[in-house]
Amino acid sequence: MGALNQSLVFLCLSILALNAVVSAHNITAILSEFPDYSDYNKYLTQTKLADEINSRTTVTVLVLNNGAFSALASKHPASVLKKVLSLHIVLDYFDAQKLHKLPDGSTLSTTLYQTTGNAPGNLGSINITDLKGGKVGFGSAAQGSKLDSTYTKTVKEIPYNISVLEISAPIIATGILTAPAPSASDVNITALLEKAGAKKFASLISSSGVIKTYESAAEKGLTIFAPNDEAFKAPGVPDLNKLTNAELVSLLLYHSLAGYTPKGSLKTTTASLTTLATNGAGKYDITVTTAGDSVTLHTGVDSSRVADTVLDSTPLVIFTVDNLLLPTELFGKSPSPAPTPEPVSSPSPTPVLAPAPVSEAPSPLAASPPAPPTETPGEAPADGPAAESANSKSANRAGHVEAPALLTALLTVSAAVVSAVVLS
Ligand SMILES: *[C@@H]1O[C@H](CO)[C@@H](O)[C@H](O)[C@H]1NC(C)=O
Ligand SMILES: *[C@@H]1O[C@H](CO)[C@@H](O)[C@H](O)[C@H]1NC(C)=O
Ligand SMILES: *[C@@H]1O[C@H](CO)[C@@H](O)[C@H](O)[C@H]1NC(C)=O
Ligand SMILES: *[C@@H]1O[C@H](CO)[C@@H](O)[C@H](O)[C@H]1NC(C)=O
């Protein structure tokens, strides 16, 4: 029962979390009313920091007008600007009144930069100090930093949710501008994957040629979900040798999205995501659920937690995932005798940029796992019939008979909790 209970708790948390990420504010919309901040606003969108801001309920955004921002923006790549801008997103609520009533006249406050893991010591925090003459100064919290940026005006205040304040100059932490930020074309994707414990995936994308698709997509924006080596050894993983080349290419491309989608953006995703495998012949999409800081991907056949961020350097982001992502287009068909036998392997490598449409006849592989019913986004990630799919780690055979009843009960309770929260 332990695993079942855990799954149910997880479901409950998922439902509450899904409720929580429906944000009350939209920083893009707030700033769009002020042409003075159009450059800053554009970069918040491009770096996806806007999603991070919108998913937080208590946040202060320190904005720079186009004049103050342009000197910075013209000299640095988006990956560096993302770090600098993260230092301007304060994880607390400060309005003009609070700025002038700081206890002891000075405080250190954590910013979004602190949460990236790239900020040693207190480089991810800022120092806010009430200076003489009514001025409020901002600077890095690192010892010896100057407070050479000052509060100029309030742009927007939605009490205790979001405050947008204009400051006079960028806040710069030591090393933030010079820290090496690899450009997408400099990154050796396979080397990074090998180092991150995804050797098998690295070798498959190299041998299939999918790496070329990744490399050409990386400059415009690319998100990769690389299954770690354990994922390929998990019980019930389909035999990849039984896939045709075209199917293998589709499976590998299915582990990636066109565009830069860091974790904060995955968390705010509500629609299903198309993948690089998506083509005229198949949807090959993925849905996402969030519980707190944990993000889970659902294919309709199985689910996988997003494990680690290997690289987040705008516009390329690479994650590891715990399980192979099995698309319904390849693994979700009901077993039925094929009208015509399919060639076991295709004679020549498939061109990578245009994955061949997947044959309508079920491949030998599609017949091996029992076809589970298609999962819906809001559904429990691990319970119910879908948990019986070959690859689900949380499958609970002992408990699965009682699951539907419990699930219904829990859904009812969750619904009651959610409405209570909404009503209060
Ligand atoms: C603040 O955020 C909460 C939760 O997201 C929301 O319910 C509330 O309406 C917001 N307050 C204002 C004034 O918008
Ligand atoms: C936020 O506002 C912008 C501009 O008004 C809009 O394009 C975008 O879809 C909005 N985002 C959300 C999550 O509502
Ligand atoms: C903020 O910086 C000023 C100037 O360097 C310093 O005197 C003050 O102690 C700092 N505030 C905190 C809370 O560390
Ligand atoms: C990338 O790294 C791999 C080792 O993982 C190496 O074999 C390959 O030559 C490297 N590619 C480039 C372009 O340096």
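I began with Asn54, which counts as buried because its relative accessibility is 12%. My cut-offs are these: buried is under 20% relative accessible area, exposed is over 50%, and partly exposed is in between, with a 1.4 Å probe and protein chains only. I am working with a predicted model, where local features need pLDDT of at least 70, side-chain atom pairs count only at pLDDT 80 or more, and totals for chains, interfaces and linings use all residues. Residues are numbered from 1 along each chain as its sequence is written, chains are lettered from A and ligands numbered from 1 in the order in which they are written, and side-chain values use heavy atoms, with hydrogens and water left out.

**Entry: Asn54**

I placed Asn54 in helix 4. Helices here are DSSP runs (H or I, at least four residues) and strands are too (E, at least two), numbered from the N terminus. I then followed the side chain of Asn54 to the backbone nitrogen of Ile27, at 3.0 Å. That is a polar contact in my notes: a pair of N or O atoms within 3.5 Å. Within protein, one atom must be able to donate a hydrogen and the other to accept it, and residues adjacent in sequence count only if both atoms are side-chain atoms.

**Entry: whole chain**

I looked up the overall tallies next. The chain has 424 residues, and buried ones make up 50% of them. Its secondary structure comes to 15 helices and 14 strands. I took contact to mean heavy atoms within 4.5 Å. Among contacts with a separation of 6 or more, 66% join residues 24 or more positions apart. The accessible surface is about 19,100 Å², and carbon and sulfur atoms hold 57% of it. Areas come from the Shrake-Rupley method with a 1.4 Å probe; for residues, only the protein chains shown count as cover.

**Entry: helix 6**

Why is helix 6 (residues 78-86) largely enclosed by the rest of the structure? Nine of its nine residues are buried, so that is how I logged it. Lys82 and Lys83 are among the buried residues, as are Val80, Leu81, Val84 and Leu85. On the helical side I found helix 3 (38-46), helix 4 (49-54) and helix 5 (66-73). Strand 2 (89-90) and strand 13 (303-313) are also packing partners.

**Entry: salt bridges**

I counted a salt bridge when a side-chain nitrogen of Lys or Arg is within 4 Å of a carboxyl oxygen of Asp or Glu. The count comes to seven.

I opened one at Glu52 and Arg56, where N to O is 3.5 Å. Glu52 is buried at 17% relative accessibility. Arg56 is partly exposed at 24%.

Which residues are linked in a network of salt bridges? I found Lys263, Lys267 and Asp293. Between Lys263 and Asp293, the closest N and O atoms are 3.8 Å apart. Lys263 is in helix 13 (residues 263-267) and Asp293 is in the loop between strand 11 (285-291) and strand 12 (294-298), so this pair ties together parts 30 residues apart in sequence. Asp293 also meets Lys267, at 2.7 Å from N to O. Lys267 is in helix 13 too, so this pair ties together parts 26 residues apart in sequence. I noted the accessibilities: Lys263 is partly exposed at 22%, Asp293 is exposed at 53%, and Lys267 is buried at 15%.

**Entry: ligand 1**

I listed the surroundings of ligand 1 as Ala24, Thr57, Ile158 and Asn161. A residue is listed if one of its heavy atoms lies within 4 Å. An N or O atom in the side chain of Asn161 is 2.3 Å from an oxygen atom of the ligand. On its own, ligand 1 has 360 Å² of accessible area, and the protein covers 41% of that. Its shell splits into two nonpolar residues, two polar and no charged. My classes: Ala, Val, Leu, Ile, Met, Phe, Trp, Tyr, Cys and Pro are nonpolar, Asp, Glu, Lys and Arg are charged, and the others, Gly among them, are polar.

**Entry: ligand 4**

What surrounds ligand 4? I found Asn188, Thr190, Ala191 and Glu194. The side chain of Asn188 brings an N or O atom to 2.4 Å from a ligand oxygen. Glu194 has a polar side-chain atom 2.8 Å from an oxygen of ligand 4. The protein covers 31% of the 360 Å² that ligand 4 has on its own. I logged this shell as one nonpolar, two polar and one charged.
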